[in-house]
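I opened this entry to keep a record of what I looked up, in the order in which I looked. The structure goes in here, before my notes.

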Amino acid sequence: MQRGEGFRIGRFFGIDIRVDWTWLIVFALVTYSLGSTYGQFHEDWSSTLRWGLAVLSAFLFFGSVLAHELAHSLVSQARGNPVNSITLFLFGGVSNIKEEPDSPQGEFLMAILGPVTSLVIGGALLLTAGVAGGPITTVSNPADVIPQLGPARMVLLWLGSINVILGLFNLIPGFPLDGGRVLRSILWAATNDLRQATRWASWVGRGFGLLMTFSGISMVFGATIPFFGSGLVNGLWLAFIGWYLNNASAQSYQRVVVEDILEGVPVERMMRTDPPTVSPSTGVGQLVREHIMGGDDHSFPVLDDGEVAGIVTLQDVRSLPEAEWESTTVREIMTPYDKCTVLAPNEDASDALSKLASCDVRQLPVLERGSLAGVLRRQDLIQWMRLHAESGGWGPLSSGLGSGLGGQGKRRQG
């Protein structure tokens with residue numbers, strides 16, 4: 001699962017911690033829900049107290065999600081697999097790991113530590129809440145228990161419960177949830193075939209996703225589902241999570257197929273060796289008329305006396321008012337060479353795909369000993385995969401080629 005970079009909030013253990021904008025939506029919803037609940041059962045609490053506790057509870061909850069992701073990431077780093085960042089987003093968190101584990105054992109350890117961390121945190125908080133407060137006079141009805149809880153005990157019990165739920169939910173054997181990755185590691189060890197193991201784990205994930213979607217829709221129309229209850233809001237939320245899991249399972253399998261096809265294939269086998277180039281003195285208006293309008297290229301290497309000086313893209317042209325096209329040269333709007341991402345002819349095509357995705361560009365220049373050898377376009381990668389892909393029933397592989405593919409890294413078959 002790939003997310004946007006979001007904004008950086010800190011760094012732990014050498015890992016950038018980022019927050020996606022969608023996280024703000026969930027933070028607001030959690031805060032509002034808890035503030036309303038605290039006010040419903042403790043009318044004697046002041047508004048400052050209950051809303052302050054709601055904000056604190058929401059922050060602690062996402063701190064627990066971060067601890068869950070850190071468990072994955074620290075195991076990965078301990079096994080020599082760097083982690084670029086952790087991003088909190090709408091559905092929790094995602095670790096941007098450079099490469100997937102290279103063995104079933106590594107996959108199992110990295111996957112299982114997240115839910116275990118959540119369960120341990122949840123159990124410790126519930127135990128603390130049980131021994132730190134006074135006796136509860138009745139436990140027959142949760143609605144009778146909550147009014148007996150003080151502020152600290154209320155937060156501990158809620159946070160402990162939500163961590164237990166988080167841990168158990170992630171153990172569902174639906175790929176790409178942690179439980180699905182545990183299942184894949186077992187299948188991988190049994191078959192010694194990562195692609196087949198991923199396919200089977202993805203089928204299970206899609207099955208759970210469809211079941212959750214159907215259950216959520218049923219709840220909207222009045223059905224009562226054990227543990228989830230019924231109602232419009234709960235039903236829509238469950239259906240949305242099911243839809244998300246179904247799509248994530250399919251895309252995860254496609255990602256493995258893509259990387260299997262591209263891994264070990266050098267860039268020079270699919271690069272374009274005669275790309276159109278421009279000089280730094282070319283006018284932007286001339287660039288538009290003679291190059292952009294005359295073909296389907298969106299970026300052009302800039303050569304100065306045969307040496308690569310930079311690259312100019314369609315986006316660079318768009319950033320310049322049309323009235324200034326004739327009075328502006330390519331040199332003034334191009335990205336200089338020292339700030340360009342470039343490829344080498346012998347570079348692995350799967351790594352090249354990661355660079356294309358992380359830069360969010362359609363093509364990158366290929367240099368050999370400082371000279372331009374060609375360009376690799378995203379459409380060249382797509383065409384190569386169309387020639388060599390076995391779709392496995394998931395639809396066209398090209399549909400998965402977006403900016404989200406870059407952060408997953410390579411998967412090696414063991």
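My notes on helices, cores and backbone details follow.

**Ground rules.** I am working with a predicted model, in which local features need pLDDT of at least 70 and side-chain atom pairs count only at pLDDT 80 or more, while totals for chains, interfaces and linings use all residues. Residues are numbered from 1 along each chain as its sequence is written, and side-chain values use heavy atoms, with hydrogens and water left out.

H2 has 32 residues and reaches 46 Å from its first C-alpha to its last, close to the 46 Å expected at 1.5 Å a residue, where the expected span is 1.5 Å times one less than the number of residues. After H2 comes Gly80, with a positive phi near 80°.

**H6 against H7.** How do the axes of H6 and H7 cross? The axes of helix H6 (residues 178-191) and helix H7 (residues 194-220) come within 8 Å and cross at roughly 145°; axes are lines fitted to C-alpha atoms, for helices over the stretch in contact, and angles run from 0 to 180 degrees between N-to-C directions. From H6, the residues in contact (heavy atoms within 4.5 Å) include Leu183, Leu187 and Trp188, and those they meet in H7 include Ala197, Trp200 and Val204. I noted that the residues of this contact divide into eight nonpolar, three polar and one charged; Ala, Val, Leu, Ile, Met, Phe, Trp, Tyr, Cys and Pro count as nonpolar, Asp, Glu, Lys and Arg as charged, and the others, Gly among them, as polar.

The loop between H6 and H7 holds Asn192, whose phi is positive, near 55°, in a residue other than glycine. Asn192 is partly exposed because its relative accessible area is 49%; buried means under 20%, exposed over 50%, and partly exposed in between, with a 1.4 Å probe and protein chains only.

**Other backbone details.** Most residues other than glycine have a negative phi, and most peptide bonds are trans. Phe13, in the loop between strand E1 (7-12) and strand E2 (15-19), has a positive phi of about 50°, and with a relative accessible area of 58% Phe13 is exposed. A cis peptide bond with omega of about 15° joins Phe175 and Pro176, and Pro176 lies in the loop between helix H5 (151-170) and H6.

**The cores.** I then turned to nonpolar cores, sets of buried Ala, Val, Leu, Ile, Met, Phe, Trp, Tyr and Cys residues joined through side-chain atoms within 4.5 Å. The largest has 21 residues, and among those touching the most other members are Leu262, Met270 and Leu343. Helix H8 (232-262), helix H12 (349-359) and strand E8 (363-368) are among the elements that each supply at least two residues of this core, and H8 gives the largest share, five residues. A second, separate core of 20 residues includes Tyr38, Leu53, Ala58 and Phe61.

Key. Helix = DSSP H or I, 4+ residues; strand = E, 2+ residues; numbered from the N terminus.
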